[in-house]
Amino acid sequence: MTGAKSFEEHEAEHVRLTILRLLERQPAYQANDSIITDSMARYGFRVSRDRVRVQLDWLAEQDLVRLEKIESIVIATVTGRGVDVAKGHAVATGVKRPSAV
């Protein structure tokens, strides 16, 4: 099948949405990569910190998050557009659209 997404592509889209939702729910709209990695397990994703950082970099390239590096920690802050995508008010190619329910 041409044009069909691989499992890895589907999973990456879900991981990206989950990261945006996690950040959107934080009081300051931000969290560090260690907290994000630990939180992903609650949503059924067993991902490494390195993989979380790869997805954070991808989200930053799309202007959905801003990243700040402090020593060995990466702090991610969701942007206004990222909040809109997390809530389903905007669409970003490569990020799973949240269900209406």
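Is aspartate 38 buried or exposed? With a relative accessible area of 56%, aspartate 38 is exposed (over 50%; buried means under 20%, partly exposed lies in between, all with a 1.4 Å probe and protein chains only). The model is a predicted one, so to speak of local features takes a pLDDT of at least 70 and side-chain atom pairs count only at pLDDT 80 or more, while totals for chains, interfaces and linings use all residues. Residues are numbered from 1 along each chain as its sequence is written, and side-chain values use heavy atoms, with hydrogens and water left out.

As for the overall build, the protein has four helices and three strands (DSSP runs numbered from the N terminus: helices are H or I with at least four residues, strands are E with at least two). Going along the sequence, these come in the order α-β-α-α-β-β-α. The radius of gyration is 13 Å, which agrees with the value near 13 Å for a compact globule of 101 residues (taken over C-alpha atoms; the globule rule is 2.2 Å times the number of residues to the power 0.38). The C-alpha trace spans about 45 × 25 × 25 Å along its principal axes. Of the 101 residues, 41% are buried.

Most residues other than glycine have a negative phi. Tyrosine 29, however, has a positive phi of about 60 degrees; it sits in the loop between helix H1 (7-24) and strand E1 (30-32) and is partly exposed at 39% relative accessibility. Aspartate 63 likewise has a positive phi, near 60 degrees. This residue belongs to the loop between helix H3 (49-61) and strand E2 (65-70), and is exposed at 55%.

Aspartate 63 turns up again as a partner of threonine 79, which also touches Leu64, Val65 and Arg66, neighbours within four places in sequence aside. Threonine 79 lies in the loop between strand E3 (73-78) and helix H4 (80-87) and is buried, at 14% relative accessible area.

How values were computed
Contact = heavy atoms within 4.5 Å.
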